[in-house]
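Have it open while you read, and check the points against it as you go.

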Amino acid sequence: MLAAIPLVLATVVGLQQRTDTTVAVPAGARLEVHNFAGTVRIDTWDRSEVRIKADHGSRDRVVIEVRGGLVRIQAERARGRAGAIDYDLMIPRTMAADIEGTETDVVVESVGGDLRVVTVDGDITVRDAGAAVSLNSVEGDIRLNGGRGRIDVTGVEGGVTIGGARGSMTVETIEGDVTLDGVESGHVDVSTVEGDIVYRGTVQDAGVYRLTTHEGDVTLAVATPLNATVSVSTFEGSLEAAPEFGLTLSSVRRGRRQNFVVGSGSARIELESFDGAIRLQRR
Amino acid sequence: MANHDAWTARLSEFVDGEMPDDERARCEAHVETCAECRRIADELIRVRDIAADLPERQPARDLWPGIAARIGVPDSRVLPLRRRWTFTLPQLAAAAVLLIMAGAAGTVMLTRTGRGAPAASPAVLTAAPATPAAFAMNVAYNDAVRELETVLARHRDALDTSTVRVLDESLATIDRAIARARAALATDPNDPYLNEHLAETMRRKLTVMRRAAALVSAS
């Protein structure tokens with residue numbers, strides 16, 4: 001009778017197990033991770049190997065496939081969907097990674113290859129991305145600190161924070177606020193419906209910067225001197241510009257869109273808020 | 001300023017190469033020095049080029065019969081396919097939404113047929129009449145939204161309740177923004193910003209619905 005108790009407990013609570021294995025991968029290989037719930041943490045090292053540590057229930061089995069240039073990691077259960085799994089992965093520094101989850105938080109450090117993360121109900125945190133980055137969450141917050149390649153971020157409810165990034169970037173949310181801090185990019189396109197947008201960064205000559213929201217405020221904080229053609233559009237909002245910029249009105253279109261030239265006017269800045277405040281501040 | 005407005009209104013002719021040479025030279029000179037006109041011209045060229053790449057075939061789903069019935073026009077005329085797309089400024093904004101709809105239709109088909117199945121030809125208005133283009137585009141947009149709404153309503157149980165709540169709230173937020181943009185536009189129908197803002201917000205709604213449909217198909 002007593003001997004049967006551990007077996008019953010294992011069945012009821014699904015005892016935790018750890019998978020810990022390392023596989024060799026060819027140069028240029030790509031990683032795919034599918035995880036329904038839990039966390040995926042990825043860090044990099046200078047080996048041509050992927051180490052997979054996973055904490056999971058005893059009824060779940062982690063399946064690792066290495067086929068040509070693809071390493072695919074997912075879990076399976078004899079019946080039904082696998083439970084929550086916490087992955088801790090080490091991958092080659094230049095490996096590209098593609099992570100999909102549902103109720104999954106994702107943390108990625110120093111990945112040098114292209115990175116794509118899609119999760120429904122989870123936060124995404126990425127530090128020091130070396131190539132193109134595509135991050136997508138419906139309910140979670142998205143944070144990116146340091147990015148040198150192209151950046152595409154799509155959220156719905158959560159906020160987006162990007163710091164110290166240099167690549168061309170496109171950010172789109174519905175309800176979340178967007179904060180770009182310490183950005184050095186020649187192409188920035190941010191749009192949201194209800195959120196506020198804050199951009200603190202550089203404006204490069206011939207760069208293009210587009211910040212648009214419906215209900216939120218837009219704040220552009222940049223250093224002077226500024227050389228840009230600034231287009232400001234609003235229906236019922238307002239414009240507040242620091243006097244240092246010396247905005248010179250070049251044209252007005254029925255009060256909805258006003259164009260200004262600052263310095264040589266070489267960069268293009270478009271600031272739009274249907275009924276929020278638009279602020280041009282000195283950084 | 002009046003000169004600027006006059007050139008802005010004729011950018012479609014400029015892009016289509018339908019301007020007399022002397023006017024074309026003057027318009028070109030204006031576009032080179034006007035950031036706003038340059039941006040609009042770039043957008044027109046982009047829309048024209050994308051439209052030119054659409055396949056030379058009848059759409060799988062001709063929206064015109066439904067439109068014709070609703071506006072009381074007999075559906076007996078034969079219209080040749082036109083490869084040249086000309087837009088007024090307000091129509092340009094709607095055209096941008098229309099191009100997004102091609103993807104929306106594809107998403108609906110993907111959800112219906114399962115992953116990996118080839119998507120059907122998107123619903124495009126290549127056989128629709130030139131007028132009233134803006135109305136037709138609006139009807140086509142509403143059709144695309146209704147299709148996606150039907151898909152999502154049928155499969156919403158596949159998504160977590162909190163995800164459904166977030167998507168519902170976000171779509172409601174977008175709908176409020178669309179309603180406000182429409183109301184503003186009613187007071188100033190030719191304002192470029194209001195037209196673009198409405199089109200952008202409508203496009204965003206389709207994008208969110210497509211993402212939701214993709215989530216459903218992945219569940």
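1. Ground rules. This is a predicted model, so local features need pLDDT of at least 70, side-chain atom pairs count only at pLDDT 80 or more, and totals for chains, interfaces and linings use all residues. Residues are numbered from 1 along each chain as its sequence is written, chains are lettered from A and ligands numbered from 1 in the order in which they are written, and side-chain values use heavy atoms, with hydrogens and water left out.

2. Chain A, the fold. You'll see 25 strands and one helix here; helices are DSSP runs of H or I with at least four residues, strands are runs of E with at least two, and both are numbered from the N terminus. The C-alpha trace spans about 85 × 40 × 25 Å along its principal axes. Take contact as heavy atoms within 4.5 Å: of the chain A contacts between residues at least 6 apart in sequence, 44% join residues at least 24 apart.

3. Chain A, the surface. Of its 283 residues, 49% are buried, where buried means under 20% relative accessible area, exposed over 50%, and partly exposed in between (1.4 Å probe, protein chains only). The chain exposes about 12,000 Å², with 46% of that from carbon and sulfur atoms; these areas come from the Shrake-Rupley method with a 1.4 Å probe, and for residues only the protein chains shown count as cover.

4. Chain B. Here the elements are nine helices and zero strands. Buried residues come to 47% of the 219 in this chain. In chain B, 74% of the contacts between residues at least 6 apart in sequence join residues at least 24 apart.

5. The interface. How many residues of chain A are in contact with chain B? The count is 40, and they meet 36 residues of chain B.

6. A cis proline. The peptide bond running from A:Thr224 to A:Pro225 is cis, with omega near 0°. You'll find A:Pro225 in the loop between strand 19 (218–222) and strand 20 (228–234) of chain A.

7. Positive phi without glycine. A:Ser110 has a phi of about 60° although it is not a glycine. It sits in the loop between strand 7 (96–109) and strand 8 (115–119) of chain A, and is partly exposed at 22% relative accessible area. A:Ala206, also not a glycine, has a positive phi of about 70°. The loop that holds A:Ala206 lies between strand 17 (197–201) and strand 18 (208–213) of chain A, and A:Ala206 is exposed at 61%.

8. A:Asp205. Which residues does A:Asp205 touch, not counting residues up to four places away in sequence? They are A:Asn227 and A:Ser266. A:Asp205 lies in the loop between strand 17 and strand 18 of chain A and is exposed, with a relative accessible area of 52%.
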